[in-house]
Amino acid sequence: MMKLTEPMMSLILAALIALPMAARQQGEDPEASKVEAMIRQVWQEHDDYIKKGGKATDAANPARKSIEALWEYGQKTGSAKARSRALSESLHLLVHAGLVDEMQRRADALKIDDPVWKSLISVLSEGAAEKNNYDFLLAKAKALTAASPDSEVKALARFAVARAHWKRGETDQAKAAFQAIIANHPDTPYAKDAEGNIHEIEFLNPGQPAPVFASKTITGEPVILSAFKGRAVLLNFWASW
């Protein structure tokens, strides 16, 4: 068996150090790659457990063991991208484990200027829908709107506020929040989406007449909604993908 000499050990050590350095030079983030691998493994274990008849909220769900690992990793890592992914996914797993209150408690401990909010606002929205209680989401999103230094976080927070009011049936507040997005984030995809949501609130609510439109069937035949006036009509919108 070949015996490693000190010069050979030095070469191996230098190569190991050079690997992450080379990844950084190529624009890759080795810490973020490590976190993504952890996350894929966690969700694979979660999905396998569900397929075998387990429930996501079971204490025996193997994904629960990884919540703390991801949370701790997010507290220590020096990579902003890796840290944000680890923290947001650990809180996402808490929602799927039925621990929404714990998710909210941990989210409440994060600083208002933490970059993790870009990916975390959607987790808060998911938790609110799970509990059918939007109080925490509204309070946190309004705080982010007022104090976050990141314009994208502000836009996402405003969207969360608007959607929360809409979910609670508070259409006037929802419209006002969507209009604030258009005013504060013009010429952005957020403004375009807000305009679409306002249109839906105003014209596509239950009990309102369906908008008159013309289209074509999959065989190319023209179809006009007004031609079915006086008859019961089911509109089933779908996409080929």
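# Pockets, cavity and core

The second largest pocket is lined by Pro209, Ala210, Val212, Leu225, Ser226, Phe228, Lys229, Arg231, Ala232, Val233 and Leu235. The model is predicted: local features need pLDDT of at least 70 and side-chain atom pairs count only at pLDDT 80 or more, while totals for chains, interfaces and linings use all residues. Residues are numbered from 1 along each chain as its sequence is written, and side-chain values use heavy atoms, leaving out hydrogens and water.

**Overall architecture**

The chain contains 10 helices and 2 strands; these are DSSP runs numbered from the N terminus, helices (H or I) having at least four residues and strands (E) at least two. Read along the sequence, the order of elements is α-α-α-α-α-α-α-α-α-α-β-β. Of the 241 residues in the chain, 34% are buried (under 20% relative accessible area with a 1.4 Å probe and protein chains only; exposed is over 50%, and partly exposed lies in between). Among contacts (heavy atoms within 4.5 Å) between residues at least 6 apart in sequence, 46% join residues at least 24 apart.

**Open and enclosed spaces**

On a 1 Å grid over the protein atoms alone, a pocket is an open set of points with protein on both sides within 12 Å along at least five of seven lines, a cavity is a set where a 1.4 Å probe fits but cannot get out, and lining residues have an atom within 4 Å of a point. Volumes are the space filled by probe spheres set on the points, which are joined across faces, edges and corners. The table compares the linings by class: Ala, Val, Leu, Ile, Met, Phe, Trp, Tyr, Cys and Pro are nonpolar, Asp, Glu, Lys and Arg are charged, and the others, Gly among them, are polar.

| Space | Volume | Lining by class |
|---|---|---|
| Largest pocket | about 390 Å³ | 11 nonpolar, 3 polar and 1 charged residues |
| Second largest pocket | about 170 Å³ | 8 nonpolar, 1 polar and 2 charged residues |
| Largest cavity | about 40 Å³ | 5 nonpolar, 3 polar and 1 charged residues |

The largest pocket has a volume of about 390 Å³. Its lining comprises 15 residues, of which Phe213, Val223, Leu235, Asn236 and Phe237 are the closest to the centre. Both strand S1 (214-216) and strand S2 (222-224) supply at least two residues of this lining.

A search of the whole structure finds 1 cavity of 30 Å³ or more. The residues that line the largest cavity are His46, Ala56, Asn61, Ala63, Arg64, Ile67, Leu93, His96 and Ala97. Helix H3 (63-76) and helix H4 (80-96) are the elements that give two or more residues to the lining, and H3 gives the most, with 3 residues.

Histidine 46 belongs to helix H2 (residues 30-51), whereas asparagine 61 lies in the loop between H2 and H3. Histidine 46 counts as buried because its relative accessible area is 7%; asparagine 61 is likewise buried, at 3% relative accessibility. Their side chains make a polar contact at 3.2 Å (a pair of N or O atoms within 3.5 Å; within protein, one must be able to donate a hydrogen and the other to accept it, and residues adjacent in sequence count only if both atoms are side-chain atoms). The side chain of asparagine 61 also reaches the backbone oxygen of alanine 56, at 3.1 Å.

Not counting residues up to four places away in sequence, histidine 46 touches Ala56, Asn61 and Ala63. With the exclusion of residues up to four places away, asparagine 61 touches His46, Tyr49, Lys55 and Ala56.

**Exposed loop positions**

Alanine 60 is also found in the loop between H2 and H3. Alanine 60 counts as exposed because its relative accessibility is 58%. Its C-alpha atom is separated by 9.2 Å from that of tyrosine 49, 11 residues apart along the chain.

Asparagine 132 occupies the loop between helix H6 (117-131) and helix H7 (135-147). This asparagine is exposed, with a relative accessible area of 63%. Asparagine 132 and arginine 168 are 36 residues apart in sequence, yet 9.0 Å apart in space, C-alpha to C-alpha.

**The nonpolar core**

In soluble globular proteins, nonpolar side chains tend to be buried together. The largest nonpolar core here has 49 residues, and those with the most contacts inside it are Leu91, Met103, Trp117, Leu120, Leu124 and Phe178. Such a core is a set of buried Ala, Val, Leu, Ile, Met, Phe, Trp, Tyr and Cys residues joined through side-chain atoms within 4.5 Å. Helix H8 (residues 151-167) provides the largest share of this core, 8 residues. Not counting residues up to four places away in sequence, phenylalanine 178 touches Phe159, Ala162, Arg163, Trp166, Ala194, Asn197, Ile198 and Ile201.
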